[in-house]
Amino acid sequence: MYSVNDFVIRFANVNGTGSASANGIFAKSIFRLGVPIAPKNIFPSNIQGLPTWYEVRISEKGYLGRRDGIDIVVGVNPQTYADDIASIKSGGYFVYDNSKRLHDSFFREDIHFVGVPMMKLAMDNYTDSRKQQLFKNIIYLGAISALIDLDIEIVKETIAKTFARKPKLIVPNYEALEIGYNYTKENCNCPIDFRVRKSDKTGDSIVIDGNAATALGLVYGGATVGAWYPITPSTSVASSFEKYCHKLRVDKETGKNNFAIVQAEDELSAIGMVIGANWNGARAFTATSGPGVSLMNEFIGLAYFAEIPVTLINVQRGGPSTGMPTRSQQADIISSAYASHGDTKHVLLFPSNPTECFQFSALALDLADRLQTPVIVMSDLDLGMNEHMTAPFKWDETKAYDKGKVLNAEELDEIEVFGRYLDVDKDGITYRTIPGTHPTKGSYFTRGTSHNEYAKYSEAGDDYVKKVDRLLIKWETAKKLVPKPRFENAASKTPYGMLFFGTTNYAAYETLDLLGENGIQIDAMSIKAFPFTTEIFEFLENHERIFVIEQNRDAQMRSLIINEYNYDPKKLDSILHYDGTPITAHYISTSISKALNKSEKQSQAL
Amino acid sequence: MTFAKPKFRHPKSTKNKVGYLKSDYLGTVSTLCAGCGHDSISGAIVQACYELDIEPHKLAKLSGIGCSSKTPAYFLSNSHGFNSVHGRMPSIATGANLANKNLTYLGVSGDGDSASIGIGQFMHVIRRNLNMTYIVMNNGCYGLTKGQDSATADVGSINKTGMSNEYEPIDLAALALELGSSFVARSFSGDKTQLVPLIKAALSHPGFAFIDVISPCVTFNNNVGSTKSYDFVREHMEVTSSIDFVPHKDEITVDYQPGHRMDVELHDGSVLKLDKLAPNWNPFDRNSAIGQLQLAKSRNEVLTGLLFIDENTKDLHKKLNTVDVPLNTLNHTNLCPGQDALDKINDNLR
Ligand SMILES: Cc1ncc(C[n+]2csc(CCOP(=O)(O)OP(=O)(O)O)c2C)c(N)n1
Ligand code: SF4
Ligand SMILES: [Mg+2]
């Protein structure tokens, strides 16, 4: 069972006990050792008292998807001992608090039990109960460091960095760390079979959660107005935006804000504010999750039809209804792509890691202005709320914001008649004006009712048809502007393809290696945006059998492909995962292997 | 259907201080029913904006959905307009105002739009004290969907089908007072002498200014027994004070008579002159205004005029401490922190 830099460790905690900080320091220390990490929070919809887990996959090879099977559980929550012990792979370890004796019924023959008296050590060293609670977390951090041979100096560095702004906390945390570390070194068999060792596989990567990256992208992309209503898992987009704005967007001379953030009364109002601000020439965004998007539907249709830029961040969670509010899914594909009544379709962007969250949220602001339409960034809970190892952020300083076709006063003077919805350039995108630009020219009446090219109310059928058909020309233009898919081709030509998007990327790329080991050749395509670009259709044309991998029940992306491309459904196999946990490479590769074996047997039988 | 109005110029028409004729403030020809109260309010808005010397392009007019919400098409053709979705004008106005604090925002709504589907947004825009004028054209019914009772219909008011309303009405002016609106007034579409100065004062007010204007629906709610009919309102109208609005550059010549008149100086130096003040009412005292409304209601009267004003109010931009220039004028040089800042952020994330 001996394994270096390749195992899964899980911390079983109680919500609200301050364990998050200790767990974060653990993951970050391993990252700083040069070993790739993929941490995941598994938490209930609750503030205090219920079980939470924090899982870290440690992978020298850089596999950042979730992996089934847990090698080590650090059990700090007696409520969940039974399940935690059952979850450990044979040969694995249960590291637990033996301040109280573990009942015999818990023991399993095939795993190791390592008792460390965490609470007792805390009580012996601290008198105040809050400190006992908090430092117990750092004590188990010391214990686990000793067990997996993690250099305590690295952990100390991480602590120092974590508490750089609160230096008073550094030394007490060192002390607690050493209490746990020394006790374990002296009393337990160290190190155990699962260990870490210094490596160089993290390069210049950073570690950040997707929502913070999204928020930073919005700051860099020039959003000045943010309107939102709290909902897991999107809330931290707004709170991070606020945090970054206070740091980066306060005018140095006046101390005044180059931004305005409003916590709206509901999602209907949040998107209304975004539409109003964008209509009036500011860059505005809102962030929500599925239930919020459902409420926003009426307004999304208005923005589509009246052609107003909107940047909407949808951090998806498990639906329908309140669904699984703290679990991850990709189940809002159809409801976002076709949000609202009537014939509507919207630009979607699918980031698959925080670096893309940063890029795509900034890009969304540009695309929304350029296309004068809603652009929805489709993140998910796994991406948004978990930290991910990801490439560092880069910004092209030579590029100004693309504000799209907005006429200023001089330009208005030059044209004879202004038609708000006149397709001058024949790309489906028309010129708009911002209120207050010109004393006599360019004003128009924005409305969700049908209108002619001069924005005049019209119930004439041909005006309406002309309008909605032009929106399809704009849709074609959008195909040229959205990010292209990313391909990973097999070593030799193959009739098989697999297609995926968003956080499925992690498991999907790992799958390629697993399938390769079994001699299965398959081409991979990661979709980055809707509408689908020509490259996507070429990929579909060039393969006979394509596995569409997604994290929902109804194969929504597959439906979208069939619907938008009139594509033969028989050629699209679905691999679906929707229990709320992130999909794994094991799940994908066994699904594909099984499917291919089956079809091989079928063809042999013929 | 809309068609171009013939543009003839009245011989006496004169340009205002910003060089516009009154006709420059008109909109397209109304498609509302002849005699609809809403059209009179549109007329009062035209009059107020012309007299206030507002440059039409510096005003944005916004509305929800309803006959009332259609009216922005019928005034101020040279202003940008936004006819949004039912009950959601306040959020559009909020976003628009956040983007550019330098325009004047005029929102128009109906009693269905504001007292039912949009009551949440109505209440919250008041709480935030958005700098805008908010006019509800209140006819006690849903005009556009053919006359259903609205939430402002009084108990016992009889609608066109002869049914009496059983549900308690929502008094939007009282609600606005309760929620901290910094300017609250009530008026009647049939009383332009009162309405025009009120609109002028509201447009000059540096915070949320609410005017509930009783505006009879001649087609569905002007029958005998309706408390929102022309006849009923004319017979039951009480006023807090007669009102006159004096723009800042005009000199005030009339003498001040204690007890009978009061001048309210607005932030831009203009003056609201209130005459024949109601007893026990003080326009700076929210409680006295709430009390007067209650009293009038118990007497089956409609109290009109200015109800409350707090002219030193702090609007949403002040609360949010935004920069002095409109946010929509900022570009990447002001907004993008650049690669150096990003490098530091990257470093902190390692
Ligand atoms: C979401 C939605 N629901 C219902 C309607 C239908 N509708 C249009 S106007 C209106 C009522 C308007 O009443 P009010 O605001 O009082 O305006 P009025 O016509 O009386 O001036 C309704 C219910 C709509 N447009 N949108
Ligand atoms: S139905 Fe009533 S509210 Fe609508 S336009 Fe006619 S009179 Fe006015
Ligand atoms: Mg009405």
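Trainee: By class, how many nonpolar, polar and charged residues does the shell around ligand 2 have?
Mentor: Keep in mind that this is a predicted model. The residues around ligand 2 belong to chain B and include Leu32(B), Cys33(B), Cys36(B), His38(B) and Cys67(B). Further along come Asn139(B), Gly143(B), Cys217(B), Val218(B), Thr219(B) and Phe220(B). Sorted by class, the shell has no charged residues, four polar and seven nonpolar.

Trainee: How does helix α9 of chain A lie relative to helix α3 of chain B?
Mentor: Two packed helices are described by the angle between their axes and the distance between the axes. Here α9(A) (residues 267-279) and α3(B) (residues 89-99) have axes 6 Å apart, at an angle of about 45°. That angle makes α9(A) oblique to α3(B).

Trainee: What classes of residue make up that contact of α9(A) with α3(B)?
Mentor: The crossing is right-handed. From α9(A), the contact residues include Leu268(A), Gly272(A), Met273(A) and Trp279(A). From α3(B), they include Ile92(B), Thr94(B) and Ala99(B). The contact of α9(A) with α3(B) divides into no charged, six polar and eight nonpolar residues.

Trainee: How does α12(A) lie relative to α15(A)?
Mentor: Helix α12 (residues 354-371) and helix α15 (residues 461-481) are both in chain A. Their axes come within 11 Å and cross at roughly 150°. So α12(A) is roughly antiparallel to α15(A).

Trainee: Which residues of α15(A) meet α12(A)?
Mentor: The crossing of α12(A) and α15(A) is right-handed. On the α12(A) side stand Leu367(A), Arg370(A) and Leu371(A). They meet Lys474(A), Ala478(A) and Leu481(A) of α15(A).

Trainee: How does α4(A) lie relative to α6(A)?
Mentor: The axes of α4(A) (residues 129-147) and α6(A) (residues 170-187) come within 7 Å. They cross at roughly 45°. That makes α4(A) oblique to α6(A).

Trainee: By class, what does the contact of α4(A) with α6(A) have?
Mentor: The crossing of α4(A) and α6(A) is right-handed. Among the contact residues are Phe135(A) and Ile138(A) of α4(A), with Tyr181(A) and Lys185(A) of α6(A). By class, the contact of α4(A) with α6(A) has one charged, five polar and twelve nonpolar residues.

Trainee: Where is Pro191(A) found?
Mentor: Most peptide bonds are trans. The bond from Cys190(A) to Pro191(A) is cis, with omega near -10°. Pro191(A) sits in the loop between α6 and β8 (194-195) of chain A.

Trainee: What is the phi of Ser321(A) near?
Mentor: Ser321(A) is in the loop between β13 and α11 of chain A. Pro320(A) is in the loop between β13 (310-316) and α11 (333-337), and the peptide bond from Gly319(A) to Pro320(A) is cis, with omega near -5°. Most residues other than glycine have a negative phi. Ser321(A) has a positive value, near 50°.

Methods: Residues numbered from 1 in each chain as written. Chains lettered and ligands numbered in written order. Predicted model: local features only at pLDDT ≥ 70, side-chain atom pairs only at ≥ 80, totals over all residues. Heavy atoms only, no water. Near = heavy atom within 4 Å. Nonpolar A, V, L, I, M, F, W, Y, C, P; charged D, E, K, R; others polar. Axes fitted to C-alpha atoms, helices over the stretch in contact; angles between N-to-C directions. Helix = DSSP H or I, 4+ residues; strand = E, 2+ residues; numbered from the N terminus. Parallel < 35°, antiparallel > 145°, perpendicular 65-115°, else oblique. Left-handed = near helix turned anticlockwise from the far one by under 90°. Contact = heavy atoms within 4.5 Å.
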